[in-house]
Amino acid sequence: SGFSVVDHMLHLNGNPVSWKKSPNIGGIIQPKLIVIHYTGGNGTAGLQWLTTKGSRVSAHLWVGKSGAVWQLVKFNIRAWHAGKSYYQDPETGWETSDVNSHSIGIECQGIGDEWPDAQIEALKGIIYALYPAYGIIDCVGHEDVAPGRKIDPGPEFPWEKIFPGWQG
């Protein structure tokens, strides 16, 4: 795919992806999870909001419909993307009620109705680079860790394109 992780930064073909630092961050983390979101808009307002001081939200990455990727927070720093949330690993029983302290948040441009191939290909490359870099145990949707509160990435998200053989 061309994606790799170097010093907690995403690289594409050996070069760092675009960087726009978010001020909305916490402390050091050791990520175990990836959480997929959508921004709720088809423009770049989501990218601006995630990097605005005082918005109280951030994510590690923003992935555009065109496949463009921006990194906003280094992967070993806590971003504010999952909010009130809970996760339990079905295999080991490991659990957390503070998903932000254990996860990499990826915000995808859009409202969840369509997922262009370029966006999904970028996402797949990113996810496949993150798993070995951090020993990731699971990749979930925001709706999976905040059911009833969040609905993203939604029913149209093509999990099977990222994880062939995936069974919802």
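The protein chain folds into 4 helices and 13 strands, counted as DSSP runs numbered from the N terminus (H or I over at least four residues for helices, E over at least two for strands). Bear in mind that this is a predicted model, in which local features need pLDDT of at least 70, side-chain atom pairs count only at pLDDT 80 or more, and totals for chains, interfaces and linings use all residues. Residues are numbered from 1 along each chain as its sequence is written, and side-chain values use heavy atoms, with hydrogens and water left out.

What about overall shape? The C-alpha trace spans about 35 × 35 × 30 Å along its principal axes. A compact globule of 168 residues would have a radius of gyration near 15 Å, and the chain's 14 Å agrees with that. The radius is taken over C-alpha atoms, and the globule rule is 2.2 Å times the number of residues to the power 0.38.

Start with the sheet of 3 strands, which is open, ordered β1-β2-β3 and paired antiparallel. Two strands count as paired if DSSP finds at least two bridges between them. At the edges sit β1 (3–6) and β3 (15–16), each pairing on one side only. Strand β2 (residues 9–12) is joined to β3 by 2 bridges, and L12 stands opposite N15 in β3.

Now move to the other open sheet, whose 6 strands run β4-β8-β7-β12-β6-β13 with mixed pairing. Its edge strands, β4 (18–19) and β13 (138–141), have a single partner each, so one side of each is left without a neighbour in the sheet. Between β4 and β8 (residues 69–71) there are 2 bridges, and these strands run parallel; here S18 stands opposite W70 in β8.

Finally, the largest pocket. Its lining has 18 residues, with L50, V57, H81, E107 and K150 nearest the centre. Both β6 (33–38) and α1 (45–50) supply at least two lining residues, and α1 gives the most, with 3. A pocket is an open set of points on a 1 Å grid over the protein atoms alone, where a 1.4 Å probe fits, with protein on both sides within 12 Å along at least five of seven lines; lining residues have an atom within 4 Å of a point.
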